[in-house]
Amino acid sequence: MSLSMNGRTLMSMLGNGVRFVSFRSKHSGPKVALLGANGGIGQPLGLLLKINPNIGRLALYDIVGTPGVAADLSHIDSPAEVKAFTGPQELQKALEGADVVVIPAGVPRKPGMTRDDLFNTNAGIVRDLCEAVAKTCPKAFVAIITNPVNSTVPIASEVFKKHNVYDPKRIFGVTTLDVVRAQAFVSTMKGTDVSKTTVPVIGGHAGVTIIPLLSQVKPSVKFSDSEVKPLTERIQDAGTEVVQAKAGAGSATLSMAFAGERFVNALLKGLKGEKQVQCAYVKSDAVQGVEYFSTPIELGPNGVEKILGTGTLNAFEKQLVQSAIPELKSSIEKGVKFVKK
Ligand SMILES: NC(=O)c1ccc[n+]([C@@H]2O[C@H](COP(=O)([O-])OP(=O)(O)OC[C@H]3O[C@@H](n4cnc5c(N)ncnc54)[C@H](O)[C@@H]3O)[C@@H](O)[C@H]2O)c1
């Protein structure tokens, strides 16, 4: 007779004896490298990735503090093998064989700051980390959380181009938190089942470039004109709501970790051949005049399999897209210039 406990311990009765056999995982399954693993996002995201059954190996990289985070997480009885890597001399080892690289490394906003104010510090961090990715695991999917996402994705792309390993299908700006927020706010406002409410959010990931498509909410709900504008603005400013509430202690970390894990899990499922649809900020021709844009995309074994586009926009949403284009353009140019300088 045998009994499975927690999916990994087998109690077998052999003759008159009882034996417990522990099946600590064989660490098969994809490798995820988390760069910035000791941070406000990195720690809870590491936790969620550790308990994701689709992950075989989890490499935690930071410039400080990773041994503690890894020791802590490694005591969780889930299959993923956790290893710590600290400082640039260990970055290559962290990245070797990675299927997905997630980057939340960098400084967050303080009250009064825009995401673009982070550029000076974070641009160099993302560039240097992507240099190592391009050299060590150029085929990995790269999910960039570090702000300003509207610029850090073009930075990553330029680094990959420089190394002749650029594949636009594999570089993603993580905008999932905007979708998560929109879905939370809409379902609260309209009383819909939050687990079934979907709201596409397109554009970019900063202020007016965040464009929730309230006309495409599913299941379909009606918004009055007096609801649409304030709800749109709340979704656009939701990050600032958290920055202000934390009063100098940083920006969204827990909800971001939740959103980051949702996106990474979709990448991993796509890798396995299970089609997934997510919004993400990628190289895109969905909207004329900008090279990068977030829309729903289909994810699969090669990363972006299909850009699904904006769908039909109403007049208000068309106007939002037009207002976003100049800011997106200048953020993209700023990122490109930073690498080419
Ligand atoms: N995409 C989004 O929706 C979204 C949402 C929230 C926050 N963010 C952004 O995520 C980033 C991280 O936020 P946080 O709250 O975790 O910040 P944090 O300061 O708490 O953590 C950042 C971590 O990065 C590490 N780090 C710094 N330089 C590094 C380097 N060169 N290599 C590796 N690690 C390095 C730090 O040691 C720290 O552990 C910020 O840029 C923030 O603006 C993005």
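## Around the ligand

The ligand is surrounded by 32 residues, and the closest are Gly-39, Gly-40, Ile-41, Ala-105 and Asn-147; a residue counts as near if its C-beta atom, placed from the backbone, lies within 6 Å of the molecule. This is a predicted model, where local features need pLDDT of at least 70 and side-chain atom pairs count only at pLDDT 80 or more, while totals for chains, interfaces and linings use all residues. Numbering runs from 1 along each chain as its sequence is written.

Helix 4 (residues 119-136) gives the most to this shell, with three residues. Helices here are DSSP runs of H or I with at least four residues, strands are E runs with at least two, and both are numbered from the N terminus. By type, the shell has 17 nonpolar, 13 polar and two charged residues. Ala, Val, Leu, Ile, Met, Phe, Trp, Tyr, Cys and Pro count as nonpolar, Asp, Glu, Lys and Arg as charged, and the others, Gly among them, as polar.

## Two domains

The chain is assigned domain 1 (2-173) and domain 2 (176-340), with bounds from an automatic or database domain assignment. Their C-alpha centres sit 23 Å apart. Why does the ligand lie between them? Because both domains give residues to the shell around it.

## Where the domains touch

Domain 1 puts 46 residues into the contact and domain 2 puts in 41, with C-beta atoms, placed from the backbone, within 7 Å counting as contact. On the domain 1 side, helix 5 gives the largest share, 11 residues. That side splits into 27 nonpolar, nine polar and 10 charged residues.

Note on methods
Two residues are in contact if their C-beta atoms, placed from the backbone, lie within 7 Å.
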